[in-house]
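Please open the structure in your viewer and keep the selection tool at hand. The stops below take you from one selection to the next and say what there is to find at each.

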Amino acid sequence: MSKPLETDMPHPLDLPAAAIATGIRQGRFTSESVVAESIRRAKAVCETLNPFTIIREEQALETAREADRSIVGGEATGPLHGVPFAAKDLTPTVGDLTTLGSWTKGDWVPAETALCIRRLQAAGAILMGKTTTPEFAFASFTASPRWGVTRNPWNPEHTSGGSSGGSAVAVATGVVPFAEGTDMGGSVRIPSAFCGTVGLKPSLGRIPMTILPSVFDNISHFGPLARTVDDAIAFMEAACGPSDEDITSLPIGFVSHAARDGRLEDKRFALSMDLGYYRIQPEVEQAIRAAVEELRRAGAIVDEVPMHWTRAVNDEWFDLWCVFMSGFFGETIAEYREKMDPAVVAMIERGLSMNATAYKRVELLRTAMWRDMAKLFESYDALLCPTCAITAPLASECDDDYVGTGADGRFAGLDMTCPFNMLPQLPALSLPVGPAANGMPVGLQIVGRRFADEHVLAIGAALEARLAVPRLPAS
């Protein structure tokens, strides 16, 4: 049974996920006490930040009690035994209201849980709630017609980012050590950067993508938002691996020791502050350069390299995204137009009018981008760049405020993530390196070779260990 906690000790919920599970297995504390604290914290942040669509209090606590009974009974346990986590409202979970941030789904309660979530649960993790997303996960701001605005825990006047904004807030405020998100244009990495969490877009196929109408989509990824790189690794250990549920899933597992065997000495990194065309907020550049200097102090070689990409990358990714929206959600506007986000309606209509030849020709740009990256990887272990060009903007703004090109020819964009959904086989990690001089978090994006997720995580873990990045106190 659980032993009394010392008052000057951190709550077990503040430990890494693997340590939480170990403590539960060893009887130093109970899963019920950890899950109860997770639910308490979730309720505490809901009123001001709005990160949850539902909190599964009764179900999660009963599952935690079952986890504790299994310890007493000497039953076999998984690596995440008794650890609470959250899942995005985009992702079906059996018996739970799942809305995709939209009124178009009615009060849908799925009869089946997505494979990614089933794998986390099979490892012993306990789903404690579902987190907010903009309608159909379409935006870099988490605000939906159904659930309202989700706010940044560092400053509630600012956005949490999107589209996995609720998951980022749940992690940043200490409700859970990791949460599930999806990433089609940066939806894991953007809110991770804005809220000061770790966020990974795994290589395409490392985690089977099973929740879309098509299993042939090639910009969509499940990924972890986590307090630390180690917690992201714990997520990947459970979720990775092939499945016939997704024909494009890769027939490889996850090599845990490689992800944890991080060193920086003699690593070679290419740095592009702007990918050739972005306007970068000075506070972001300052934080990124400070992290780069830490890499150099650790013995890494970092060369600033020219990139010659243009905003055509973002414009053509947007074409893909509009077709995604029209292909998978286009039927909704006939009945629900007035209850939908007008930006979603506009994207669907743009997608429906898209010329098929123009859509296919986006692959020519993607091919040129890959050839640039393949050449870069001949000399470097990874590409470094900001995750976002700015710190979290005001929650009252929207993506349309960040599509301009200035008189200097620079793209006044928000995220620097969608270029690497155009190259989905490349893993991309957002590592918190801030806060910036303005007090808001900054993420460094580490982009690795094809399918080298473990290598990217190992780099992130090694740099994370050298940085003293503050966290928010738990609510």
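**Helix 7**

Begin by selecting helix 7, where Val229, Asp231, Ala232, Ile233, Ala234, Phe235, Met236, Ala238 and Ala239 are buried. The model you are looking at is predicted. Nine of the eleven residues of helix 7 are buried, and therefore this helix is largely enclosed by the rest of the structure. If you follow the chain onward from helix 7, you come to Gly241, which has a positive phi, near 125°.

**Helix 7 against helix 14**

How do the axes of helix 7 and helix 14 cross? They come within 9 Å and cross at roughly 155°, which means that helix 7 is roughly antiparallel to helix 14. To display the contact itself, show Val229, Ala232, Ile233 and Met236 on the helix 7 side, which meet Asp453, Leu457, Gly460, Ala461 and Glu464 of helix 14. Sorted by class, this contact of helix 7 with helix 14 has six nonpolar residues, one polar residue and two charged residues.

**Helix 4 and what covers it**

Next select helix 4, residues 115–122, in which Leu115, Cys116, Ile117, Arg119 and Leu120 are buried. Helix 7, already visited, is among the elements that cover these buried residues, and so are strand 2 (84–88), strand 8 (178–183) and strand 10 (221–226). Helix 4, too, is followed by a glycine with a positive phi, namely Gly124, whose value is near 105°.

**Helix 2 against helix 3**

Now move to helix 2 (residues 31–49) and helix 3 (residues 57–72), whose axes come within 8 Å and cross at roughly 160°. Helix 2 is therefore roughly antiparallel to helix 3, and the crossing of the two is right-handed. For the residues in contact, show Ser31, Glu32, Val35, Ala36, Ile39 and Lys43 from helix 2, together with Glu57, Ala60, Leu61, Ala64, Arg65, Ala67 and Asp68 from helix 3, which they meet. By class, the contact of helix 2 with helix 3 has seven nonpolar, one polar and five charged residues.

From helix 3, follow the chain to Ala76, in the loop between helix 3 and strand 2. Is Ala76 buried or exposed? Its relative accessible area is 79%, so Ala76 counts as exposed. If you then pick Arg25, which is 51 residues away along the chain, you will find its C-alpha atom separated from that of Ala76 by 9.8 Å.

**Backbone stops**

The next selections are best viewed with the backbone atoms shown. Most residues other than glycine have a negative phi, and most peptide bonds are trans. Against that background, select Leu100, which has a positive phi of about 60° although it is not a glycine. Leu100 is in the loop between strand 2 and helix 4, and with a relative accessibility of 8% it counts as buried.

For the peptide bonds, go to Gly162 and Ser163, which are joined by a cis bond with omega of about 10°. Ser163 is found in the loop between strand 7 (155–159) and helix 5 (165–172). Then select Gly434 and Pro435, where the connecting peptide bond is likewise cis, with omega near 10°. Pro435 is placed in the loop between strand 16 (428–432) and strand 17 (443–448).

**Cysteines**

Finish with the cysteine sulfurs. How many disulfides does the structure hold? The number is zero, where a disulfide would need a pair of cysteine sulfur atoms within 2.5 Å. Cys195 is buried, with a relative accessible area of 1%. For Cys322, the closest cysteine sulfur is that of Cys418, at 12 Å, and this distance too is too far for a bond. Cys322 also counts as buried, at 1% relative accessibility.

Notes. Residues are numbered from 1 along each chain as its sequence is written. This is a predicted model: local features need pLDDT of at least 70, side-chain atom pairs count only at pLDDT 80 or more; totals for chains, interfaces and linings use all residues. Side-chain values use heavy atoms; hydrogens and water are left out. Buried means under 20% relative accessible area, exposed over 50%, partly exposed in between (1.4 Å probe, protein chains only). Helices (H or I, at least four residues) and strands (E, at least two) are DSSP runs, numbered from the N terminus. Contact means heavy atoms within 4.5 Å. Axes are lines fitted to C-alpha atoms, for helices over the stretch in contact, and angles run from 0 to 180 degrees between N-to-C directions. Angles under 35 degrees count as roughly parallel, over 145 as roughly antiparallel, 65 to 115 as roughly perpendicular and the rest as oblique. A crossing is left-handed if the near helix is turned anticlockwise from the far one by less than a right angle, and right-handed if clockwise. Ala, Val, Leu, Ile, Met, Phe, Trp, Tyr, Cys and Pro count as nonpolar, Asp, Glu, Lys and Arg as charged, and the others, Gly among them, as polar.
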